[in-house]
Amino acid sequence: MNKSIVAVVVTYNRKSLLMECLQAILEQTYPVSKILLIDNASTDGTEETLSENGYLVNPKINYIKMKVNTGGSGGFYEGMKRTMQESCNWVWVMDDDTIPTKTCLENLLDAEEIVRKKPSDACPDSAVNPSFFASAIYGPDNEFMNLPVISKKPSANGYAYWYQFLKDGLVSIQSATFVSILVNKNAILRCGLPCKDYFIWGDDTEYTTRLTKYYGDAYMVGNSVAIHKRIGAKELSIFNEENPQRLKMFHYFFRNASINRQYYENKNNEIVYLCTLFLKYIKNITNSMNRRRYQIMIKGTIEGITQYKKFRKYIDSQISQVEK
């Protein structure tokens, strides 16, 4: 196995976790060729801490500090755009609070060898051009986290073939999050870059769905393990959020989810969904906390409906060379 891997890490004001993330990448049993570290204009002394720990002079690390915080989506856009100029086979993507175990990358690469060597009679073309491989993600206390969406693509007889490589510890998936995924460089060249204007949440779902729809199958790799040290390891939900500042950000979550539904699921019933939210808002009118949450959900969904054409135009431009 002789493959060149570039890691893309996006960070914002999490210097302690970032140091742990970088050290874990550098200690992989299969070495990366380079780390593109995108700093989203951190204000917590991230650059100084990187310098103190010797990372700024490490020849493998290319530190790029953005002028403004462009959100996770803007950071991943910038990092993956820069991989276009890199001589690499695969791009390993993660947040700064992702801590890959030592064999995480090696096991992702082994999975690629498995799917290329074992084509299926039912789906002979399914593994020819894999688009990405995703690690199994756990929280700090071994919680299940960042679950991918299982693929529903049909085999020749109509049944889904998501368990094609189950004996090898692989499951075919439709989408995943940007928490330790290994993306085929050719898939990036063909399908373009993430939606940088999503700012936060949903950009990974859109992008990985784009890759599996327009390039090739993707797989979750059971023995490739990464720890996601996100604060609060519960399922991402507006009803679990207690931080007022983070709560306000959830309108991006619902805006981007609305755009993704309209683009990939052919759901033209966003107005019906919006009316449902209004009804729930009215039922919770006397509950100030729930009322606020439904207001955010409604705002985000309205933005998804009104801004859909803009985002559809961008996604279409990225896949304009792909045969649909």
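Predicted model: local features only at pLDDT ≥ 70, side-chain atom pairs only at ≥ 80, totals over all residues.
**Entry 1, partners of R14.** I looked up which side chains pair with R14. D96 forms a salt bridge with R14, and the closest N and O atoms are 2.7 Å apart. I then placed the two in the chain: D96 sits in the loop between β4 (90–95) and β5, while R14 sits in the loop between β1 (5–11) and α1 (15–26), 82 residues apart. D96 has 0% relative accessibility, so I logged D96 as buried.

D97 also meets R14 in a salt bridge, at 3.4 Å from N to O. R14 is in the loop between β1 and α1 and D97 in the loop between β4 and β5, so this pair ties together parts 83 residues apart in sequence. Buried or exposed, I asked of D97? D97 is buried, with a relative accessible area of 2%.

I checked another pair, E242 and R293, whose side chains meet in a salt bridge at 3.9 Å, N to O. E242 lies in the loop between β10 and α7 (244–248), and R293 lies in helix α10 (residues 288–306), 51 residues apart. I found E242 exposed, with a relative accessible area of 59%, whereas R293 is buried at 3%.

How many salt bridges does the count come to? I got 14 salt bridges. I also noted a network of salt bridges that links K3, E112 and R116.

Next I followed the pairings of β10 (residues 218–228). Strand β5 (residues 98–100) pairs with β10 in the antiparallel sense over 3 bridges, and here I99 stands opposite I227. Strand β6 (residues 132–138) runs parallel to β10 in a pairing of 7 bridges; I looked up I137 and found A226 as its bridge partner in β10. Strand β8 (residues 170–175) pairs with β10 in the antiparallel sense over 4 bridges, with V171 opposite M220.

Last, I turned to S73, which I found in helix α3 (residues 71–83). S73 counts as buried at 1% relative accessibility. What does S73 touch, not counting residues up to four places away in sequence? My list reads C195, K196, D197, Y198, F199, I200 and D203.

Conventions:
Residues numbered from 1 in each chain as written. Heavy atoms only, no water. Pairing = 2+ DSSP bridges. Buried < 20%, exposed > 50% of the residue type's maximum accessible area, 1.4 Å probe, protein only. Contact = heavy atoms within 4.5 Å. Salt bridge = Lys/Arg side-chain N within 4 Å of Asp/Glu carboxyl O.
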